[in-house]
Amino acid sequence: LIAIAVLSAIGLPDHLWGNKGEPVSLSLFPDQANTAMQSHAIGVFLAAKLDREEELVRRAYKPADTANHKNVVLIVVDALRADHLSLFGYSRRTSPYLEALASAKAVRLATSAAAVCNESSCGLRAIASSRYLDKQATRPITVQEALKLHGYSVHLMFSGDHTNFYGLSDIYGEVDSYFDGASQKERYLNDDRLVTDRLSGMGSWDGKPTVFQFHLMSSHALGARFEDTPPFGPGANYTALRWGTKDLEAPAHATNYYDRGILQADRVIANILDILKQKGYLKEALVVVTGDHGESLGERGLYSHTHSVWEESLRVPFVMLQFGGVLKNQMHAGPVVSQVDIAPTLLHELHLPIPSSWEGIALQRPMVGRVVYFQQAQFIGLVDERNIGRLYKHWLDLRTGDEFTFDLNVDPHERNNLSAQIPQPLKREWQQLLANRSAALAPEVAARLGAPAVP
Ligand SMILES: [Zn+2]
């Protein structure tokens, strides 16, 4: 219902896309927020339809007997930007451990991916279920569920409180153990040492294929910083600066604070893998390191996340490492990679079938002419590689009707808005594509944006 309403609105002639952004904003409200996802929500009718469809896919999914049963370690680092990792050429040495693994030729893939949104809830859901924001079932088929069907034990160890956060702890399906910041009282709930404490208490590997997912808060502004993590310069927590500040030093202080958090995350990753190695889990294993979304550090006056779709807000790393066995070769991904590609790429690497409802692709089988999607609140957009020589990123502000278009090939920092130069047929096609991809807003976000109430 929501998709249809937005489709008819986006299909309007261009002159009706006025400053008020009506009537599109009218369609942003769900009838009833059935699946709440932080700034977004899936309405009750659409959620029921998605769940019915997902149940059919679930019944049709047959485990493969050709499966390669390597252990799997998925590490999601909160608010981790690809461009602040020295592994990707950042000038500060923020990821010495990941670099050492690259030197040791353990890297199967090192690329960046566009997150589906700029906050944790949809980012984590997209990683687990390979679905964009608007297609999130209440109970999606997750990579954890697919592995479980192939005989894996599933262990989730999350820094942060995922239990009381939009039902996030319930989306993964049946698991063998679950632990997050709310499961314990010894440490501050955003202290990553609670993850390594928990892991240290686990027994050695019993030979059964095992998947771990870890969530780290070291690089999040609310994550505990450890005394022994060296600073890159005077830093300051920027959580309160979300919408900007007049302090001219704030961007530098925020960046110092953030980079120190990344270095700490790199150290926690080293600790985790060291513990897993000692316990025998890395004899043959795939390890993925990624982020749930990006982070603003004063670019365009913004700080933190949940409010933007600029590159710094969406661009996360997707690093896949192989432990044990012979590394085939390093994979090279195409120019357009989305967060929804992580789960299918992982399953493909293990020779496991990919659920038919998943929206991402296995990057081992590159696809030309791809379009991937993103949305954060009223900003909805896509990255389109179908135009030769161009890598267009395009988005709309559904509230104001403003359009943004950048060619990431020549303008990776999004400084030159090309919207006025884009031919109308292409723009119209983008609008049609986006019309099918919009999620509704959570009521409090709609209220903040000053959108009108639903009758
Ligand atoms: Zn997050």
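What is the handedness of the link of Cys117 and Cys122 about the S-S bond?

1. Basis and confidence. This is a predicted model, in which local features need pLDDT of at least 70 and side-chain atom pairs count only at pLDDT 80 or more, while totals for chains, interfaces and linings use all residues. Residues are numbered from 1 along each chain as its sequence is written, and side-chain values use heavy atoms, with hydrogens and water left out. The protein averages a pLDDT (the predictor's confidence in each residue, from 0 to 100) of 89, and 91% of the residues score at least 70. Over residues 1–33, however, pLDDT stays under 50. For this stretch the model has 72 contacts (heavy atoms within 4.5 Å) beyond four places in sequence. Where pLDDT is low, the predicted coordinates should not be read in detail.

2. The disulfide. A search of the whole structure finds 1 disulfide (a pair of cysteine sulfur atoms within 2.5 Å). Cys117 and Cys122 form this link, with their sulfur atoms 2.1 Å apart. With 110° about the S-S bond, the link is right-handed. Cys117 counts as buried because its relative accessibility is 0%, and Cys122 is buried with a relative accessible area of 0%.

3. Helix H4. Helices (H or I, at least four residues) and strands (E, at least two) are DSSP runs, numbered from the N terminus. Among the buried residues are Ser120, Cys122 and Arg125. Ser130 follows H4 and has a positive phi, near 50°.

4. Tyr238. This residue lies in the loop between strand S7 (210–216) and helix H7 (250–278). Tyr238 counts as buried because its relative accessible area is 0%. Beyond its neighbours within four places in sequence, Tyr238 is in contact with residues including Ser219, Ala254, Tyr257, Glu295 and Tyr303. The side chains of Tyr238 and Glu295 make a polar contact at 2.6 Å. A polar contact is a pair of N or O atoms within 3.5 Å; within protein, one must be able to donate a hydrogen and the other to accept it, and residues adjacent in sequence count only if both atoms are side-chain atoms. Tyr238 and Thr255 are 17 residues apart along the chain, and their C-alpha atoms are separated by 9.2 Å.

5. Salt bridges. The structure holds 27 salt bridges (a side-chain nitrogen of Lys or Arg within 4 Å of a carboxyl oxygen of Asp or Glu). In one of them, Asp259 pairs with Arg92, the closest N and O atoms being 2.8 Å apart. Asp259 lies in helix H7 and Arg92 in the loop between strand S3 (71–77) and helix H3 (96–103), so the pair ties together parts that are 167 residues apart in sequence. Asp259 is buried at 0% relative accessibility, whereas Arg92 is partly exposed at 23%. Asp83 and Arg81 form another salt bridge, with 2.9 Å between the closest N and O atoms. Here Asp83 is partly exposed at 38% and Arg81 is buried at 3%. A network of salt bridges links Arg300, Glu311, Glu312, Arg315, Lys393 and Glu414.

6. His84. The loop between S3 and H3 also holds His84. His84 is buried, with a relative accessible area of 6%. Not counting residues up to four places away in sequence, His84 touches several residues, including Tyr90, Thr255, Tyr258 and Asp259.

How values were computed
Buried < 20%, exposed > 50% of the residue type's maximum accessible area, 1.4 Å probe, protein only.
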